[in-house]
Amino acid sequence: MNRPLVSRRDVHRRALALALMPWLSAAAQAQLLQGSPSGNGLRWQVDPFGLGVASGQPQPGSVVLWTRLRISEADAALKTQSVLVVCEVFADAALRQPVRQWRVQTDPSRGHSVHVLASGLRPGRPYWYRFVCGNAISPVGRARTSPAADEAVARLRMGLASCQHYEQGYFAAHREMAQSDLDLVLFVGDYIYESSNPQYMLRKHQGGVPKLLEEYRERHAQYKSDADLQACHAAHTWVMTWDDHEVVNDYANDLDHQFTDPQLFLRRRAAAYQAYFEHMPLRLGPDPVNGSQMRIHDRMAWGKLVDLWTLDCRQYRDHQACLDPNRGGGRVVVGCDALSDPARSMLGAAQEQWLTEGLTRSTRRWKLVAQSTQMSSSGVNTPLGRSAFTDGWDGYPQARARLLGTVAQAGVSNVLMLGGDVHMNVAAQLRVQANDERSPVVASEIVTTSVTSRGLGEKLLAQIRESNPDILHARSDERGYTVLDVRPEGVAAEFRTTPNPAQTDGVFRSQGQWVVRAGVPGLQKA
């Protein structure tokens, strides 16, 4: 939404109204109004910082700081120009202790986005930051660096979230996370949706289905204009990966559900990846030589307490097995021989090897693996055999068995898989042979429900529960997020939910709480 840049008092009032700074003192708000030298004489007619600010990918001495200038028609002459933006970092919420300042040029080729790798910072502490461009000053954000690699950390508290279809509900989960005591927000996919479903529409996407760069930019900008989402980004540092809807539903590597020519589809994927980078606090963008490639998988340590991997389950995977010749993507199959092919991979060979080496060599207390979907089996037993949904891990059972087999054979302890995608809360045990009591539990799984996206019907979910004794908890009737409290002695997971559909004034409660004890694979009810 465009807002006239009438005065700094209006900027101040807007920041208060959106509750972007619930942790910011009155002194800091006063300091914000004083501004700082921007290095240029731009006079904005409309506030260019309407998409907010964000931080992400923390390291012990650095964190990525982000914003994107949203240039209105009133300032149309600047749309084609390179613009100087100043990023300021402070050691205190009152903004009285400046730490460092960066001056960054941004231009139309990157959608006037700004990515600052704020380095030279101290480990394991909060910082406050803002951006200045001419007479415009951004809201203030709060970022956090990760602890030193050798620090004996007592705790990591995260919010786990995914699947926020703008049309199907409001981002009340982000409002509650913004007001919560969290070290990080971990988002595991479907940040935007390219599609619509009029049956469940509470508010409307602008424009049609995006396929071009400018269309993906507009979709991201609409999501980023949400006040609750802005508040959550301003309040917490994020760690992220993607799933399919950031590009198109059920895409697998270079194949979409319409069997579009791969070269044509990869051009669309390149546009989607660039728009994603332009709107997220990420260190790396699309490959300069091949824009349809972009590394999103990563590994982050939190002192001696946690190794956290974020996986890419889309870009490198094999196509779904037993495809319907009339419509690609995932589907439910029975008797698909291709599922037993050991060569098929969800992650691709290189990423599989990278993860395997990381898991087996990790010396940290907890190994958290964040990926986009449910790893435990969710097939249904039928008279014709067991069903499998080919877009999820059930469609790549040999790859799943390899990963869990590595955990078992190498004796890797304290492994917790984290996921989203399926629009339901799931707590499950993970075995090399799913649902076979003779196969020991080697890891645990927590899957968070969607922020807004509608879940499965209860009839189908009851069949899934009955056919999968490894699933200890599964509910798809509520929306929300999950709080993960990681300590040396154990991990506690609390499903925080509100009734479907998520409303602007949604009230959250605890749907269930589960714990994993150090040295004891598997979940226990709290």
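Trainee: How many cavities of 30 Å³ or more are there?

Mentor: Here is the general idea: rolling a probe the size of a water molecule over the atoms shows where empty space is left. In this predicted model, the count comes to two cavities of 30 Å³ or more. The largest cavity has a volume of about 90 Å³.

Trainee: Which strands supply at least two residues each to the lining of the largest cavity?

Mentor: They are β1 (53-59), β11, β12 (298-302) and β13 (306-310). Among the lining residues are Gln57, Val239, Asp298, Met300 and Leu308. By class, the lining has seven nonpolar, three polar and two charged residues.

Trainee: Let's take Leu308 from that lining. Is Leu308 buried or exposed?

Mentor: Leu308, which sits in strand β13, counts as buried because its relative accessibility is 2%, and the cut-off for buried is under 20%. Setting aside neighbours within four places in sequence, its contacts include Met158, Leu186, Val239 and Ala370. Look also at Lys367: its C-alpha is separated by 6.2 Å from that of Leu308, although the two residues are 59 apart along the chain.

Trainee: Now for the open spaces. What is the volume of the largest pocket, and which residues lie nearest its centre?

Mentor: The volume of the largest pocket is about 1,000 Å³. Its lining counts 41 residues, and Phe389, Asp421, Val422, His423 and Leu456 lie nearest the centre. Strand β17 (385-389) and helix α9 (458-467) each give at least two residues to this lining. Sorted by class, the pocket lining holds twelve nonpolar, 19 polar and ten charged residues.

Trainee: β17 supplies part of that pocket lining. In what order do the strands of its sheet come?

Mentor: The order is β14-β17-β16, three strands in an open sheet with antiparallel pairing. β14 (332-334) and β16 (381-382) stand at the edges with a single partner strand each, so one side of each has no neighbour in the sheet. As a general point, in a regular strand the side chains alternate between the two faces of the sheet. To trace a pairing here, follow the three bridges that join β14 to β17; in one of them, Val334 has Ser387 of β17 as its bridge partner.

Trainee: Can we try helices next? Which residues of α8 are buried?

Mentor: First the general idea: an α-helix has 3.6 residues a turn, so residues three or four places apart point the same way. Helix α8 spans residues 397-409, and its 13 residues reach 18 Å from first C-alpha to last, close to the 18 Å expected at 1.5 Å a residue. Its buried residues are Ala399, Arg400, Leu403, Leu404, Gly405, Thr406 and Val407. The cover over them includes helix α7 (349-361) and strands β18 (415-419), β19 (425-431) and β20 (441-447).

Trainee: What follows α8?

Mentor: Gly411 follows α8, with a positive phi near 65°. In the loop between α8 and β18 you also find Asn414, whose phi is positive, about 60°, although Asn414 is not a glycine.

Trainee: How should I read a positive phi in general?

Mentor: Most residues other than glycine have a negative phi, and most peptide bonds are trans. Asn414 is one to look at for its positive phi, and it is buried, with a relative accessible area of 12%. Asp250 is another non-glycine residue with a positive phi, about 65°. Asp250 lies in the loop between β11 (237-240) and α6 (262-278), and is buried at 8% relative accessible area.

Trainee: And where is there a cis peptide bond?

Mentor: A cis peptide bond joins Asn500 and Pro501, with omega about -10°. Pro501 belongs to the loop between β23 (490-499) and β24 (509-517). Those two strands run antiparallel and are joined by eight bridges, with Ala492 paired to Val515 of β24.

Trainee: What does β24 form with β25?

Mentor: They form a hairpin with six residues between them, and Gly519 in the turn has a positive phi of about 80°. The pairing of β24 with β25 (residues 524-525) is antiparallel over two bridges, and Trp514 has Lys525 as its bridge partner in β25.

Methods:
Residues numbered from 1 in each chain as written. Predicted model: local features only at pLDDT ≥ 70, side-chain atom pairs only at ≥ 80, totals over all residues. Heavy atoms only, no water. 1 Å grid on protein atoms, 1.4 Å probe; cavity = no way out; pocket = protein on both sides within 12 Å on 5 of 7 lines; lining within 4 Å. Points joined across faces, edges and corners; volume = space filled by probe spheres on them. Helix = DSSP H or I, 4+ residues; strand = E, 2+ residues; numbered from the N terminus. Nonpolar A, V, L, I, M, F, W, Y, C, P; charged D, E, K, R; others polar. Expected span 1.5 Å × (residues − 1). Buried < 20%, exposed > 50% of the residue type's maximum accessible area, 1.4 Å probe, protein only. Contact = heavy atoms within 4.5 Å. Pairing = 2+ DSSP bridges.
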